[in-house]
Structure formats: C-alpha cells, structure tokens
Amino acid sequence: MNPADTQIDGIVAPRRTHPLTPLLTGWRVLAGIVAVVSIQNIAQLVEEFSVRRALIALAVLVGVLVLSILVSALSWWRTTYEVDEDGVTLRSGLLTLTRRSAPRDRIDSVSIERPLVPRILGLAKVRVEVAGGSDSHLDIAYVASGDAETLRREILRAAQQAQAPEAGPDSAELHSAGPGTRAPEEAAARSPRSLDADAVRSFAYDGVTDGEEIATVPTSRLLHSLLRDLGLLIGLAVTIVWAVAVIGADLLFGDEGLSVGALAGLLPALLLAPQILFRRVESGWGFVARLTERGLRMRRGLLNTRTDAIAPGRIQKIALSQTLLWRGPDWVAARATVAGIGEEIGETNSAGSVLPVGTREELGRTLDCLMTPLGTDDDLAAARALLTSPARSLAGHRAVHPLLWIKRRTQAVVLLPDAIAVRRGIITHSLEIIPRERIQGVSVTQGLLGRALGAADLSIAVAGASVLVEGLPLASIEALASELAVDAACGRRYGEQETWLRPRRGLPQEPAGAVAA
C-alpha cells in the first residue's frame, strides 16, 4: 500500500481509492451513449454520414466525456473506505452520503477482480462478500494491484479476529505475510533463477501459488472442450446459417443488393456469438484452484481476471455437468452455489464455477474440498454413478404418467442419507446435489395439467438458489416433501453451523491468527 497511508496495528485508516478511478468510471457513460445510439440508428448514421456531422458528434462526445470524468472525480473525492475492529466501511455519494458496512463477523470471503482496462493500468477491484442475500457485497474500486492483495489480507485478518478473538497479536503478526512467506535463510538459499521462475509464476497466476494444488486447466484442454461442447457448437452453427440465409435472401430478392438495413439487423447476433464464445474461453483460461486455510482459492480469466476463495461451510449446492462428447476423455464441469455470493444468470466467469473442465482426479479432489458427505459408503463413486448412469436406470423418484415420457427418461430424484440428488438430461448429463442440512424450505405446486395427470412440482430452497423438480407423482411428492420439510425445520434449528457435516478433505491447519493467502 501507499507508505503515506496510515495503518495502525493491522487496521486500515480511512483512505480514498486510486486517483485513476474517475477515468475508469467516467468513460462508461460515454460508452453507454455510443452503444445505444449506434445500435438503434446504425443504418441512418451510415446513410447520412458526413465529415461535418462526424466532427460535431466527436465534439459532443468529448464534452460528455469531460463532464462525466468531472462528476466522477467529485464522487471519488467523497468516497473513502476503511478497515477497523468492526469490519469494512465504504462511504460514498456526491449529494447524498451513503455509508455501507460489512461487519467482520459476517464477512464470508474477499475476492479480487481485474477487468481489462484497470488491469492494464495496474489496478484491481476488491469485493467483500457478506452473508446475506444475492446482492450482499461491498466493492472497493479501484486500488493498485499490489495494494489489493494487502487489503484483502487486512480484511481477512479482521474477519478472523472475529472468529478467534483469543488469538494474540504476536501470532497474527507472525503470519501476516501469509503461508507463502518463506524464512529469510530459506529465501537466501534459493538460486536467482528459481526466484525468477517463482516471480513469473506468481505474476501469471495473480499470486495464487500457495497451498495444495487441487486443479489446473491447461489451455489445450479448455479449447478442446469447447470443440466438444455440442450446445455451443449448435448455437454457433445456427447463428452462421441464419446470417447466411438473411444475407442470401437480401442479395437475391433485394432491389439494391445487400442493404445496410440487413447488416444492421444481423449486427447484434454477429456480435453476440463471439461474445458467448469468448466468455466460455475466459471462464476457464488460466484456471487454477488451490486449497488454503480459508478454503478453495481459485484464479481464472484471460483479459478480465479474478481470484476467489470459497469456504466449504458456505456451500449450499453442487452442480455437475457432462456433455455427450466429454464422456470419452471423462471431463466434468462443476459449479457451486455459495451462501452470500450472488451470480447473474448466465455468468460463467464467476466464483461459483469451481471447475470449468476437469479430469476424474481433479473432480475427486474438488469434491473432497467442497462437498459434504452424502452418507454412502463411497461418496465420490456414488456421485459419479449418479452423473454418468442413464437417468432411467437410477433407483429414485421419477415421473410415471405416459404423457410425461420425456421426464421419465431424463429426470430422477434420489434421496440419500445426507443429501438429495436431482439428475437430468440425456445428451448433457447434469446432477445437482443438495446437502439436507442446507435445505431452508420445501414447497409443492400443482397446475391444471398436473391435476389431470396426478402429478405436481417440488421446489427445494437453499440460501441463494432453489431446485425445481417437475412432474413427480403425488405419492412421491408427499413422501419427499414430508421428509425434506423435517430437514428444513430441524436441520438448522437444532444444529449449529460448526457441527454441520464437513467435506472429506479438511482445511490446512494454521496457527490461530494466521491470515489467509
């Protein structure tokens, strides 16, 4: 951090974000205006283009940009953050001052995000996830990349002191540099060549180099997995065929050949397809997961990078998926629903993606770190069997009415001693595993068609998500609802979080007061 800033006993005094923050926030207004005007009026703009109009538009845009930066600068001057014994506080606002707090005993995790433009400028955003709803987070944007890691440690130090107040200050100072710190004599014994290699490796993986390696996704495997993803390939093929059909029809039946209007109509789709492909690439590019004393710490991203740490005690649901062409190399993708960390629909480059595309061994190590026991003799084997076996061969609850023959073959609900598993799909196998102690509520709905078929839908709610199972017969619905309702009513009332079932692989034991890497 800036040496001029004040820091007393691990407490970060009030300070402002980086001075370049107004530039990064001000240009977004200009980008939004350009995007809206261009998409809605691109054909008219092309037809009425002139040098004079272009210069006038450029002058207007420069004026808007300067005004946006000035407003952002005033807002930046009024924005401060601090870390104290109560947690993290962010004060912001131009006309109305807003104060947002993250109490230290409610902090779940701290992630570091590096979007492309801030990353080029050497800046990063620190996100503090707080136990609560889907929008329960606090963003500190932007700080220098090196300061972001230090700030992350300070916030985790405050959170850890809330969990272990008896730890003395000596132990906290001893481990303030994190588990990756080596003794001076050990560092001196290492060769300069080894130090250079470690520095390059630390830079490439944004400092996520300490702890036990759980999974690493090579670039070759990531690209190969995209070529084997049927859903992605079909979507791209449909987009290309549609674009060729529209252009061909315009050339054959149009009065003036290929028109600007046709190209303007195709532009959103032609931009969307590469964007979807790039998101898939970026979600797994450079992915590495390591087990630290704060949980599973992950790094991912090509242009926009981010690092996250997920504590196993906050896992509410595990979702596994395997597409048809992934079954040959036995690749699997895994996602986790984490309490307090909300995700936008369709977001791939997120904390919930705990394994973009992994081998059998990497999946086993990941589930060892995150998945609570299922109550079977071999939980990993049971999870793989539920994922890879045909849904119709699984012993569980399923639709029985002849009109629901698709659900009969593609959907099964298996109740395990300590979890409930929902399996779906034929071409792409998907498996959702919910620990029964995480269930918060169960609801049953029955529409007009369900009444006629003697079927109903079951919704299982956990923190931050819900799982809907459709078309089950009433007898199965009643049996599941009655048993899961007991879990929802008693699982948390009579059991503290500290006594909840834990993953098989425990977290590394560090002395009290240690700061997470």
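This report walks through a predicted model of a protein chain, from its overall make-up to a few individual residues.

## The big picture

Since the model is predicted, local features need pLDDT of at least 70 and side-chain atom pairs count only at pLDDT 80 or more, while totals for chains, interfaces and linings use all residues. Residues are numbered from 1 along each chain as its sequence is written, and side-chain values use heavy atoms, with hydrogens and water left out.

The protein chain has 15 helices and 21 strands. Here helices (H or I, at least four residues) and strands (E, at least two) are DSSP runs, numbered from the N terminus. Of the 517 residues in the chain, 42% are buried. Buried means under 20% relative accessible area, exposed means over 50%, and partly exposed is in between (1.4 Å probe, protein chains only). Now take contacts, meaning heavy atoms within 4.5 Å. Among those between residues at least 6 apart in sequence, 59% join residues at least 24 apart.

Let's start with helix α15, which runs over residues 474-490 and has 17 residues. From its first C-alpha to its last it reaches 24 Å, close to the 24 Å expected at 1.5 Å a residue (the expected span is 1.5 Å times one less than the number of residues). Which residues of α15 are buried? They are S476, I477, L480, A481, L484 and D487. These residues cover an arc of only 125° around the axis, which puts them on the same side of α15; the arc is that of the directions from the helix axis to the C-beta atoms. On the other side, A475 and E478 are exposed. The cover over the buried residues of α15 includes strands β16 (411-415), β17 (419-424), β19 (441-445), β20 (455-462) and β21 (465-473).

Helix α12 (residues 379-388) has buried residues too: D379, L380, A383, R384, L386 and L387. Looking down the axis of α12, they fall within an arc of 160°, so they line one face of the helix. They pack against β13 (315-322), β14, α11 (360-370), β16, β17 and β18 (429-435).

## The nonpolar cores

A nonpolar core is a set of buried Ala, Val, Leu, Ile, Met, Phe, Trp, Tyr and Cys residues joined through side-chain atoms within 4.5 Å. The largest one has 44 residues, and L320, L367 and L370 have the most contacts inside it. Strand β14 (residues 332-338) gives the largest share of this core, five residues. A second, separate core has 21 residues, including V110, I112, L138 and L151.

What does L370 touch, leaving aside its neighbours within four places in sequence? L370 is in contact with L296, I310, P312, I315, I318, V354 and P503.

## Rings and single residues

A search of the whole structure finds two aromatic pairs. Rings of Phe, Tyr and Trp (its six-membered ring) pair if their centres lie within 6.5 Å; planes under 30 degrees apart count as stacked, over 60 as edge-to-face and the rest as tilted. W326 and W331 have ring centres 6.5 Å apart and planes at 80°, so this pair is edge-to-face. Both W326 and W331 are buried.

V288 is buried, with a relative accessible area of 2%. V288 and V217 are 71 residues apart in sequence, yet 6.6 Å apart in space, C-alpha to C-alpha.
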